[in-house]
Amino acid sequence: MASDEIWLLKWHEYMSYLDANKHRPSKYHAEDMVLVNWLKYNRRLLKNNKLSQAKKDKIKMLLAEADKYRRVNQYSYYHK
């Protein structure tokens, strides 16, 4: 399997995790650490501009989807 195919497989795995669980993978659960580390690594590549344009678009789509499930501090509920 080529590295691009593995990357795309991890991307689909992360998106399906979001869709199925309605929250982001947790760094506190061992079974989620693979996805957490994969996203951290790809964020770093995105920041350093080392991703292809197709991967950049996919990562930005994934981050937009994951942002829907972002934890909100209760302070923001009471002090708007």
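Helices here are DSSP runs of H or I with at least four residues, strands are DSSP runs of E with at least two, and both are numbered from the N terminus. With that convention, the elements of the protein run α-α-α-α from the N terminus on, and the secondary structure comes to 4 helices and 0 strands.

The model is predicted, so local features need pLDDT of at least 70 and side-chain atom pairs count only at pLDDT 80 or more, whereas totals for chains, interfaces and linings use all residues. Residues are numbered from 1 along each chain as its sequence is written, and side-chain values use heavy atoms, with hydrogens and water left out.

**The whole chain**

Begin with the C-alpha trace, which fills a box of roughly 50 × 25 × 20 Å when taken along the principal axes. Of the 80 residues in the protein, 26% are buried.

Two packed helices are described by the angle between their axes and the distance between the axes. The axes are lines fitted to C-alpha atoms, for helices over the stretch in contact, and the angles run from 0 to 180 degrees between N-to-C directions. Angles under 35 degrees count as roughly parallel, over 145 as roughly antiparallel, 65 to 115 as roughly perpendicular, and the rest as oblique.

Select helix 1 (residues 3–21) together with helix 2 (residues 33–47), and you will find that their axes come within 11 Å and cross at roughly 120°, so the two helices are oblique to each other.

For handedness, a crossing is left-handed if the near helix is turned anticlockwise from the far one by less than a right angle, and right-handed if clockwise. The crossing of helix 1 and helix 2 is left-handed, and the crossing of helix 1 and helix 3 is left-handed as well.

Asp-57 counts as partly exposed because its relative accessibility is 42%.

**Salt bridges**

A salt bridge is taken here as a side-chain nitrogen of Lys or Arg within 4 Å of a carboxyl oxygen of Asp or Glu, and a search of the whole structure finds 5 of them. One of these joins Asp-4 and Lys-55, whose closest N and O atoms are 3.2 Å apart. Lys-55 is buried, because its relative accessible area is 18%.

Which residue meets the side chain of Asp-67 in a salt bridge? Select Arg-24, where the distance from N to O is 4.0 Å. This pair also links distant parts of the chain, since Asp-67 lies in helix 3 and Arg-24 in the loop between helix 1 and helix 2, 43 residues apart. Asp-67 is partly exposed at a relative accessible area of 43%, and Arg-24 is partly exposed at 27%.

Next select Glu-65 and Lys-68, whose side chains meet in a salt bridge of 3.2 Å, N to O. Glu-65 counts as partly exposed at 23% relative accessibility, whereas Lys-68 is exposed, with a relative accessible area of 60%.

**Two loop residues with positive phi**

Select Lys-22, found in the loop between helix 1 and helix 2. The phi of Lys-22 is near 60°, a positive value in a residue other than glycine, and Lys-22 is partly exposed, with a relative accessible area of 47%. Then move to Asn-49 in the loop between helix 2 and helix 3. Asn-49 has a positive phi of about 60° although it is not a glycine, and Asn-49 is exposed, with a relative accessible area of 52%.

Terms used
Buried means under 20% relative accessible area, exposed over 50%, partly exposed in between (1.4 Å probe, protein chains only).
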